[in-house]
Amino acid sequence: MEKSKSRFLAADIAVCALFVALMTAAAFIKIPFPLVPLTFQTVTAVLSGLLLGAKKGAASMAAYCFAGLLGLPVFTSGGGIHYVTMPTFGYIIGFIASAFIAGLIARDGTSVRRVTVAAIIAFLVDYIIGTPYCIVVAAIGGTYDLVNVLVMWNLIYMPKDFALCIIAALIARSVRPAINKIRG
């Protein structure tokens with residue numbers, strides 16, 4: 001019995017580590033864009049929750065965040081504790097909440113509607129956390145006006161992230177039954 005539990009624990013750690021690696025890769029797949037490059041981090045966070053569930057998805061995103069704060073160069077501009085002073089750090093915090101919400105709402109991921117709603121709400125959660133953080137840090141820095149921050153650092157990225165999260169829901173809906181079967 002103990003051997004079986006440790007095997008599942010090792011498998012859980014491995015899949016969480018896989019999503020940390022995927023999130024790191026997503027941070028470095030950059031499409032040049034003014035101010036902030038387009039990346040695939042929001043969709044990766046949502047997908048982690050949809051595929052791993054609320055706790056494991058959030059744990060994988062928390063591990064990613066912690067690794068970056070420790071100084072590992074996993075964020076789009078490197079890593080380190082100083083990253084908390086960057087306007088985009090709120091989205092990294094939002095990844096944890098997004099993964100948790102996606103997994104919580106999607107549950108077993110068998111309904112297309114449930115998984116799609118989970119992905120959309122998780123996408124919104126990231127922006128609900130990231131946008132105010134971005135505004136506050138930008139205001140403290142005194143460099144950007146509110147309209148510029150809202151449009152150039154938030155609104156222009158939302159359609160891309162929304163569309164990718166819908167695609168993530170469809171992928172998760174297709175892949176989740178296989179994951180559930182493996183888990184037993």
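**Salt bridges and aromatic contacts in the predicted model**

K56 and D12 are joined by a salt bridge, with 3.3 Å between the closest N and O atoms. K56 belongs to helix α3 (residues 54-69) and D12 to helix α1 (residues 2-28), so this bridge ties together parts that are 44 residues apart in sequence.

A search of the whole structure returned 2 salt bridges. Besides the pair of K56 and D12, a salt bridge is formed between the side chains of K160 and D161, with an N to O distance of 2.6 Å. D161 has a relative accessibility of 5% and counts as buried, because the limit for that class is under 20%. K160, in contrast, is partly exposed, with a relative accessible area of 22%. Side chains of opposite charge can pair when their charged atoms come close.

K160 takes part in a further contact with an aromatic ring. This lysine lies over the face of F40, at 5.7 Å from the ring centre.

In one of them, the ring centres of F75 and Y83 are 4.5 Å apart and the ring planes stand at 50 degrees, so the pair is classed as tilted. The two residues of this pair are buried: F75 has a relative accessible area of 0%, and Y83 has one of 1%.

The rings of F123 and F162 also pair, with centres 5.7 Å apart and planes at 70 degrees; the angle is over 60 degrees, so the arrangement is edge-to-face. This pair links distant parts of the chain, as F123 lies in helix α5 (residues 112-141) and F162 in helix α7 (residues 158-183), 39 residues apart. F123 is buried, with a relative accessible area of 4%, whereas F162 is partly exposed, at 36% relative accessibility.

F75 and Y83 are also members of one aromatic cluster, which is formed together with Y64, F89 and Y133.

How values were computed. Residues are numbered from 1 along each chain as its sequence is written. This is a predicted model: local features need pLDDT of at least 70, side-chain atom pairs count only at pLDDT 80 or more; totals for chains, interfaces and linings use all residues. Side-chain values use heavy atoms; hydrogens and water are left out. Rings of Phe, Tyr and Trp (its six-membered ring) pair if their centres lie within 6.5 Å; planes under 30 degrees apart count as stacked, over 60 as edge-to-face and the rest as tilted. Buried means under 20% relative accessible area, exposed over 50%, partly exposed in between (1.4 Å probe, protein chains only). Helices (H or I, at least four residues) and strands (E, at least two) are DSSP runs, numbered from the N terminus. A charge sits over a ring if NZ of Lys or CZ of Arg is within 6 Å of the ring centre and within 35 degrees of the ring normal. A salt bridge is a side-chain nitrogen of Lys or Arg within 4 Å of a carboxyl oxygen of Asp or Glu.
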